Amino acid sequence: MSDFDDARAWMVERQIVRRGVRDHHVISAMRRVPREAFVPSEFRDFAYDDTPLPIGGEQSISQPFIVAKMLEAADLHPGDHVLDIGTGSGYAAAIAAEIAGRVDSIERDASLAEGARERLQRLGYENVEVHIGDGTVGFAAHAPYNAIIAAAGGPHVPQALRAQLAPGGRLVMPVGSSRSHQRLVKIVRRGEHDYDEHGLGEVRFVPLVGDDGWPEPGSAPHANARPASQPTPPALEAAIRDAAEPLPDLDAPEFAAFFDRFAGRRVVLLGEASHGTSEFYRARAAITRRLIEHHGFSMIAVEADWPDAAIIDRHVRDRPMPGERSRPFRRFPTWMWRNTDFMGFVAWLRSHNAAHRERETRFYGLDIYSLSESIDVVLRYLDSVDPAAARIARERYGCLSPWQQDPAVYGRAAITGGYARCEEQVIAQLGDLLKNRLAYAREDGEGFLDAAQNARLVAVAEQYYRAMYYGGPQSWNLRDTHMFDTLRYALDRHGPRARAVVWAHNSHIGDASATERGRAQDEINLGQLCRAYFGDAVALIGFGTHSGTLATASDWGGPMEVKTVAPSLAGSVEFSMHGTGLARFLLDLRPGVHDALRERLREPLLERFIGVIYRPESERHSHYAQASLAEQFDAFVWFDRTSAVTALPVSVDEHDHAAQTFPFGV
Ligand code: SAH
């Protein structure tokens with residue numbers, strides 16, 4: 001393989017697949033089209049970077065991910081007839097041509113059009129025709145089209161384009177009220193005058209210039225133009241205070257009603273700025289209760305392990321426990337879930353479900369730290385349905401058993417120590433389970449699904465611990481991709497109307513592409529994947545605080561301590577929020593609500609991230625990173641002073657009065 005082939009394969013894996021694109025036509029087309037042939041020779045070495053590149057005439061070849069995302073949304077099939085508006089380099093047209101039957105591509109800049117025509121011909125794309133002209137009026141001579149895609153953003157969707165869609169046809173284009181900021185819109189033609197429309201998130205494209213687009217430019221803004229000025233903090237404080245909606249007390253019934261504006265979303269993700277702060281748990285519980293009671297949300301998915309959450313799920317639905325090992329959350333950091341706030345929420349959910357058996361709310365775990373428990377669940381399940389298969393599974397999982405108590409050591413041993421890699425075995429085990437799905441599921445459908453998910457987890461965890469050894473972004477990305485896949489799996493399991501609330505840390509929920517770690521270190525996260533996949537059917541809601549106390553540890557695995565949260569650093573976004581003088585508020589960051597403030601909060605500012613470990617002695621270095629708040633979140637919830645969660649002990653006596661106090665056994 002040439003270097004470009006390697007770079008292309010890696011690009012598709014990292015930029016496309018890991019970000020949630022699943023359409024196999026698009027993925028395999030992206031693996032084939034040589035992007036290096038579509039960029040000017042001086043940029044060839046950057047052909048597989050995660051970015052648009054200049055192609056002359058102030059135009060650019062689109063970022064690979066955006067091409068994949070648009071073509072996935074356009075739902076291309078073999079045989080389709082496609083109209084591609086804004087040929088540019090011809091790259092997107094070539095990807096479309098790999099999948100569809102025939103592509104008409106239209107470009108207003110004659111020299112770009114000539115270049116693309118010659119290039120596509122040289123590369124052998126005989127099913128693409130490049131036309132010079134104004135794409136805002138479509139290309140009526142060859143209409144109708146099964147799909148229309150536009151690589152430039154206009155002020156609205158031109159009527160001519162809607163009219164040139166075949167029945168069932170899909171149109172995907174950026175639309176926005178300014179020349180440089182748009183949202184991606186997808187339109188499906190359902191009938192003669194009947195079109196469905198929905199948004200797929202914010203994007204930045206060059207302007208669509210033409211009769212039914214933007215007027216001819218005096219000077220077109222650059223695609224990635226950003227306002228240059230850094231707001232001075234007092235002005236930012238004042239702007240936040242003007243936009244802030246003061247919130248009532250956490251226990252007041254009106255508190256959660258402030259979040260009704262997100263009730264129409266399919267997935268609402270609620271963050272937290274530390275894993276040990278009571279207010280974040282209580283606020284999330286109150287909002288979640290409201291979304292369940294008043295707005296038809298039917299599942300909660302949290303940053304906890306699948307087997308632990310499965311125990312809670314059975315408990316809140318009053319189902320029998322799978323085995324004796326049914327006391328959840330015994331692994332560090334136990335206070336993250338073994339605390340009075342979460343216990344109160346579980347008790348509420350159990351009584352809510354008891355009163356609504358016909359539409360029970362489910363509880364799922366998205367995380368991947370359950371290697372040992374997940375192996376147990378698979379084995380126990382097979383013992384009960386297929387003892388012969390259980391014997392084979394024991395042998396395969398035996399490869400991992402020396403490391404089960406400390407799987408991080410497995411990663412190191414498998415890579416450096418000459419110990420066996422267990423990859424093949426765990427994948428084979430998952431494959432076997434899925435192969436027998438029909439036979440197994442007949443016996444016990446729910447048990448099978450749970451076992452299959454645990455087998456999947458073992459396979460991901462095996463990869464995760466090997467990736468951890470290298471210390472790059474891969475292990476983080478595997479974990480967040482797994483969270484996203486699990487969320488989708490849980491939603492799919494309950495049909496197209498299922499809607500979920502997610503609880504996870506701000507670092508998983510706030511769109512990583514708006515943070516230093518995302519931009520500089522290639523980290524992706526759950527919130528970003530959700531946006532890419534669900535578009536504006538998701539809401540990403542962050543939480544923050546200035547000072548108070550929290551439950552934490554000084555080192556991984558160490559005892560829980562209650563520490564004081566240091567006041568937020570001058571210059572941080574928290575510092576400006578504190579400067580408003582408000583005790584609690586909601587900041588609505590959706591487009592069209594407080595656009596001037598939003599524009600200011602697009603500028604990167606320091607933001608505080610505290611996870612399980614808190615090290616106030618190295619506060620700046622350990623806990624702050626640059627992030628663009630308005631791009632990370634759709635809303636932000638502020639509690640100026642916060643307090644530590646009250647932890648519950650992990651009882652040593654399994655037989656005490658656990659029955660009444662299950663699942664926390666205090
Ligand atoms: N799909 C291209 C991206 C090109 S950038 C690629 O993969 O390389 C967008 C292109 O849209 C520019 O080349 C610009 O000249 C073109 N464009 C803008 N307005 C247009 C219009 N009204 N009709 C056709 N092309 C247009």
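User: How far does a backbone N or O atom of R108 lie from a nitrogen atom of the ligand?
Analyst: This is a predicted model, in which local features need pLDDT of at least 70 and side-chain atom pairs count only at pLDDT 80 or more, while totals for chains, interfaces and linings use all residues. Residues are numbered from 1 along each chain as its sequence is written, and side-chain values use heavy atoms, with hydrogens and water left out. Between the backbone N or O atom of R108 and the ligand nitrogen, the distance is 3.3 Å.

User: Which residue has a polar backbone atom 2.8 Å from a nitrogen atom of the ligand?
Analyst: An N or O atom in the side chain of D134 lies 2.9 Å from a ligand nitrogen. The distance of 2.8 Å, by contrast, involves a polar backbone atom, and that atom belongs to G135.

User: How much of the ligand does the protein bury?
Analyst: Accessible areas come from the Shrake-Rupley method with a 1.4 Å probe. Taken alone, the ligand exposes 580 Å², and of that area the protein buries 99%.

User: Is R14 buried, partly exposed or exposed?
Analyst: Buried means under 20% relative accessible area and exposed means over 50%, with partly exposed in between (1.4 Å probe, protein chains only). Because its relative accessibility is 21%, R14 counts as partly exposed.

User: Which residue is joined to R14 by a side-chain polar contact of 2.7 Å?
Analyst: A polar contact is a pair of N or O atoms within 3.5 Å; within protein, one must be able to donate a hydrogen and the other to accept it, and residues adjacent in sequence count only if both atoms are side-chain atoms. The side chain that makes this contact with the side chain of R14, at 2.7 Å, is that of D522.
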